[in-house]
Amino acid sequence: MLVTVLGAGGLAAAARTGMFAERPDGCVKPDRSIQLYAVELPKDGTQVRLGYGLTPETASYPGPLMEMMEGECLAITVHNLVPEATLAALRTNPSHPLGVSLHVHGVKYTQDSDGTVQSGSYVPPGGTRTYTWYAQPRNTKTGAQGTAGYWWYHDHVVGGPHGTQGLAAGLFGGLVVRRPGDPKPDRSYTVVFGNQQSINLRRGEATDTCAEVNPQPGPTCLVARMGERIELVVVGIGNDMHTFHLHGHSWADTRTGVVSNGQPFADSVPIIDTKVLGPAQSFGVNVVAGESVGPGHWMLHCHMQFHSDAGMSTMLHVLDENGNMPPGMDHLHAAAAAPAAAAAPVTDDAAHQHN
């Protein structure tokens, strides 16, 4: 058997000439399609911020949570609205091409949807490109394990060939692939632990902007009503190890975060409230808000002590049955005040290693 290995330029050329399939095996045609926009957001101090959004106006970091069912094929058209000058300022080598991309973990894709410079699958400034993801189902006959789980997506081009500057700026988001029968949450949030003791690229007071009245759910406002099922997609980026911990709640250390009724060997499944998280790892947490513990402001933080002391801590706010914020909002920020350094914008100048 002859195996030919193509270099970076060869892969890009092959992509341009159509050597690689447009869609992975099993995806005859996309079941649905979405539009995704990469835009520049207001700076955090002097730090450039970029985000993905289903519209340019709703771009954020993390980007929108993507949801798929096993067996589904999804076409995502990325529009690069990031100014060329911004991308040029972020690159570490003047010969590196300018663009953004979409690289995904967990699901299936071909070389054309890898989202790398080496394959030529990126989007130049002002351009568009469609990426195809296939949530391959489990198949006991072929041995396919399926793709159900908690994953994430991110840029792999901005700044350099591993997208380090794109990640540091905010181009990332969560992905959930469900299997029939999986629990359906009432609310889902993406929680990204990163470098410089950050949660969603924020520290200290910036991690929690919930209003006392009519709080609006979002990356900096984790809120749910008593009894609602909450799903957290937890992701690690950068170079640091973390220990994710949620106060007052626990979950099963399984693919879904729950133990199904009647599941064999249920007694052997660990129930946990803390889990170690490394770079590029991801997992899901499913809890019932306030179950047995009631409404409250429940801390969510890294349990590496110097990380939490530096501001790597936020709150899951569980409202009462009437949707009212429980007492204690007036002293939350004062009690969780971080060192002055934590107020600085979160950057990422360290070397990045990608799985």
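A disulfide (a pair of cysteine sulfur atoms within 2.5 Å) joins C27 to C73, with an S to S distance of 1.8 Å. The model is a predicted one, in which local features need pLDDT of at least 70 and side-chain atom pairs count only at pLDDT 80 or more, while totals for chains, interfaces and linings use all residues. Residues are numbered from 1 along each chain as its sequence is written, and side-chain values use heavy atoms, with hydrogens and water left out.

Back to that bond: the torsion about the S-S bond of C27 and C73 is about -75°, so this disulfide is left-handed. The pair links distant parts of the chain, 46 residues apart. C27 sits in the loop between α1 (8-17) and β1 (32-44), and C73 belongs to strand β4 (residues 73-80). Helices (H or I, at least four residues) and strands (E, at least two) are DSSP runs here, numbered from the N terminus. C27 is buried, at 7% relative accessible area, and so is C73, at 2%; buried means under 20% relative accessible area, exposed over 50%, and partly exposed in between (1.4 Å probe, protein chains only).

The structure holds two disulfides. The other bond to describe runs from C210 to C221, with the sulfurs 1.9 Å apart. Its torsion comes out at about 95°, so the C210 and C221 disulfide is right-handed. Both C210 and C221 lie in the loop between β12 (198-199) and β13 (222-225), so the pair ties together parts that are eleven residues apart in sequence. Burial shows up here as well: C210 has 8% relative accessibility and counts as buried, and C221 is buried at 2%. With the bonded cysteines of the protein chain numbered in sequence order, the pairing reads 1-2, 3-4. One further cysteine, C302, is buried too, with a relative accessible area of 0%.

Now for the chain as a whole. Its secondary structure comes to five helices and 21 strands. Of the 355 residues in the protein chain, 52% are buried. As for contacts (heavy atoms within 4.5 Å), residues 24 or more positions apart account for 73% of those with a separation of 6 or more. The protein chain exposes about 16,000 Å², and carbon and sulfur atoms supply 52% of that area. Accessible areas come from the Shrake-Rupley method with a 1.4 Å probe, and for residues, only the protein chains shown count as cover.
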